[in-house]
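Please view the structure below alongside the text.

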Amino acid sequence: MTTHAPTRISTRFAALKEEGRPGLVTFVTAGDPDGETSLAILKALPGAGADVIELGVPFTDPMADGPAIQAAGLRALKGGQTLAKTIAMVSTFREEDTATPVVLMGYFNPIYIYGVERFLADAKAAGVDGLIVVDLPPEEDDELCLPALAAGLDFIRLATPTTDDKRLPAVLAHTAGFVYYVSITGITGAATPDADLVAAAVARIKAHTELPVAVGFGVRTPEQAKAIAAGADAVVVGSALVEVVRRTLDQNGNATANTLPGVEALVSELAEAVRTIKR
Amino acid sequence: MTALNSYRTGPDFRGHFGIHGGRFVAETLMPLILELEQAYEAAKADPAYHAEMAGYLTHYVGRPSPLYFAERLTDHLGGAKIYLKREELNHTGSHKVNNVLGQILLARRMGKGRVIAETGAGQHGVATATMCARFGLKCVVYMGAVDVERQAPNVFRMKMLGAEVVPVQSGSRTLKDAMNEALRDWVTNVHDTFYCIGTVAGPHPYPAMVRDFQSIIGRETREQMQEMEGRLPDSLVACVGGGSNAMGLFHPFLDDSTVEIYGVEAAGRGLDTHEHAASIAGGRPGVLHGNRTYLLMDDDGQITEAHSISAGLDYPGIGPEHSWLNDVGRVTYLSCTDREALDAFQLLTRLEGIIPALESAHAIAKVVELAPKRPKDHLMVVNLSGRGDKDVPQVAEILGTSLGA
């Protein structure tokens with residue numbers, strides 16, 4: 001359980017519960033395709049209907065990601081994105097938006113090299129609310145999870161179809177903010193999840209925790225988002241959004257006039273679909 | 001540095017060797033890794049498993065591999081008495097089969113019908129494809145597209161053996177990317193698939209398990225040296241990519257303080273060029289592929305591309321136990337450039353009639369340096385981890401000699 005003061009994440013999920021609807025969590029990669037465009041996208045997400053923002057921290061070797069997010073990370077790295085720049089992006093975002101939760105999502109090595117203590121202090125100061133670090137299971141909680149909780153950041157754990165009832169308590173033990181249920185066994189953006197199976201899995205997790213459950217991996221269209229959100233507290237869409245970025249680039253890989261509006265349009269459609277669900 | 005009571009007790013129950021090792025994997029894989037650890041512990045305690053393995057090692061792999069006195073190389077260098085541990089004479093042509101046999105027998109015990117593997121030079125891929133053919137298992141090998149190109153003979157061998165070879169186009173298109181892709185496969189096919197890792201790296205229990213399977217190299221060497229010289233060797237030399245052949249030779253000797261131990265990393269075009277694969281000499285501790293270990297990376301923690309003439313050493317990391325052995329000072333890690341390896345490749349071929357793999361040639365190159373500085377009664381063992389047939393087309397191209405001429 002969390003020990004620190006509530007973050008924007010719990011405030012936002014409480015508000016969604018009040019509104020009686022599920023939330024939309026959007027993932028974009030920081031620095032994709034360049035710093036300026038990426039910041040513009042970040043700033044536009046809340047207005048387009050994103051309730052929670054996951055900001056991908058690029059890494060050269062994203063073991064759990066499919067081709068779309070791998071490519072987005074490489075585009076960002078090629079553009080010179082670093083963890084320091086990603087933290088600075090959140091800082092700039094916070095000048096205008098103090099309500100939308102921002103979660104950094106990535107892999108441990110860039111954080112480890114930045115230095116855990118320094119990273120937590122800088123991220124917290126910039127207005128980051130939570131962390132999802134794919135390659136840190138509960139077995140490695142001493143590395144970042146426990147220090148993050150102590151620093152007042154939510155550590156959001158992934159639960160997967162292979163996480164059985166015996167293991168679930170260990171996975172949930174130090175999870176804070178929300179639980180991210182990975183709807184498929186596989187990499188991001190790969191298979192299409194089965195909404196009924198997902199709803200059953202969410203119910204199973206909820207039997208073990210009071211935390212909200214967001215569901216992601218493989219959710220692409222407004223229709224799928226609606227179907228998955230119906231059985232969860234929120235739905236996460238990532239690969240489909242970074243694919244819009246890719247499709248709107250020019251031949252040299254630079255952003256075009258269609259990049260920002262393209263992402264905004266898909267987020268709006270997703271938000272509209274998710275908001276048709278009333279509880 | 002204070003000597004430890006024993007260098008052979010690691011890892012701890014969480015898979016750590018000092019600060020190195022661990023289990024840095026996605027949650028989807030965590031239950032599989034715990035299941036594997038349990039299955040391996042059970043097999044280790046089962047005499048039937050060991051008996052089965054011993055039978056195949058003798059009759060299928062062809063063990064024990066000889067410990068051979070390299071007389072002409074010894075005379076040529078004029079110092080230490082040099083012995084070659086002939087792992088290249090194993091079935092499939094390298095030490096890789098020792099580990100694959102252990103893992104495939106484990107996969108069978110676990111009821112897994114599909115095996116995946118990553119490969120660099122193709123030696124591990126060939127060994128895996130071979131054992132899968134022998135036991136009728138489906139086999140998929142991930143190999144960087146660059147390596148597919150430079151190791152064509154091994155690609156063909158794997159295909160003949162019935163394996164599906166998937167050229168990996170992501171990232172730097174070499175061994176690290178093949179490992180990423182194998183992990184992505186495993187995360188997707190969790191129920192029927194066994195991931196057969198080829199070296200002493202990856203999440204716990206792989207580094208310890210692969211070391212255990214490879215330790216037969218060092219155990220045999222001890223016995224053979226006792227028979228031939230009536231004592232232990234004075235020094236050991238082996239090349240290190242991920243480091244499985246080296247760990248296999250070193251581990252049974254770690255507590256024998258009189259034995260000097262040298263691991264040889266690939267220095268590529270030179271340590272000062274950034275085009276190398278020497279993780280200890282040119283890297284720092286970080287987290288990749290399920291473990292903490294020395295890695296090549298930039299200041300932002302992004303993994304950089306390794307370079308080596310030898311595809312089997314072309315990896316920006318090293319097994320975590322090696323990283324720890326470096327930190328505690330028990331093993332000395334040296335490095336060898338592409339050029340030195342090529343020279344050693346030719347030297348051994350001419351003097352002993354043995355064509356070494358380019359990987360093993362890195363170890364030979366350091367023997368060329370170390371042996372002349374040792375007395376004639378110094379017993380030096382070098383692990384000849386693989387044969388060089390697979391490298392002949394590449395070497396011919398580099399040396400500018402057409403094979404047809």
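## Contact of H2(B) with H4(B)

In this predicted model, B:Tyr49, B:Glu52, B:Met53, B:Tyr56, B:Leu57 and B:Val61 of H2(B) meet B:Val97, B:Leu101, B:Gly102 and B:Leu105 of H4(B). Of the residues in this contact, eight are nonpolar, one is polar and one is charged.

## Geometry of H2(B) and H4(B)

Two packed helices are described by the angle between their axes and the distance between those axes. Helix H2 of chain B spans residues 47–61 and helix H4 of chain B spans residues 96–109. The two pack at an angle of about 140°, and their axes lie 10 Å apart. H2(B) is therefore oblique to H4(B), since an angle must be over 145 degrees to count as roughly antiparallel. The crossing of H2(B) and H4(B) is right-handed.

## Geometry of H5(B) and H7(B)

Helix H5 (residues 123–135) and helix H7 (residues 152–160), both of chain B, pack with their axes 9 Å apart, at an angle of about 15°. Because angles under 35 degrees count as roughly parallel, H5(B) is roughly parallel to H7(B). H5(B) and H7(B) have a left-handed crossing.

## Contact of H5(B) with H7(B)

On the H5(B) side, the contact is made by B:Gln123, B:Gly125, B:Val126 and B:Ala129. On the H7(B) side, B:Asn154, B:Arg157 and B:Met158 take part. The residues of this contact divide into three nonpolar, three polar and one charged.

Note on methods
Residues are numbered from 1 along each chain as its sequence is written. Chains are lettered from A and ligands numbered from 1 in the order in which they are written. This is a predicted model: local features need pLDDT of at least 70, side-chain atom pairs count only at pLDDT 80 or more; totals for chains, interfaces and linings use all residues. Axes are lines fitted to C-alpha atoms, for helices over the stretch in contact, and angles run from 0 to 180 degrees between N-to-C directions. Helices (H or I, at least four residues) and strands (E, at least two) are DSSP runs, numbered from the N terminus. Angles under 35 degrees count as roughly parallel, over 145 as roughly antiparallel, 65 to 115 as roughly perpendicular and the rest as oblique. A crossing is left-handed if the near helix is turned anticlockwise from the far one by less than a right angle, and right-handed if clockwise. Two residues are in contact if their C-beta atoms, placed from the backbone, lie within 7 Å. Ala, Val, Leu, Ile, Met, Phe, Trp, Tyr, Cys and Pro count as nonpolar, Asp, Glu, Lys and Arg as charged, and the others, Gly among them, as polar.
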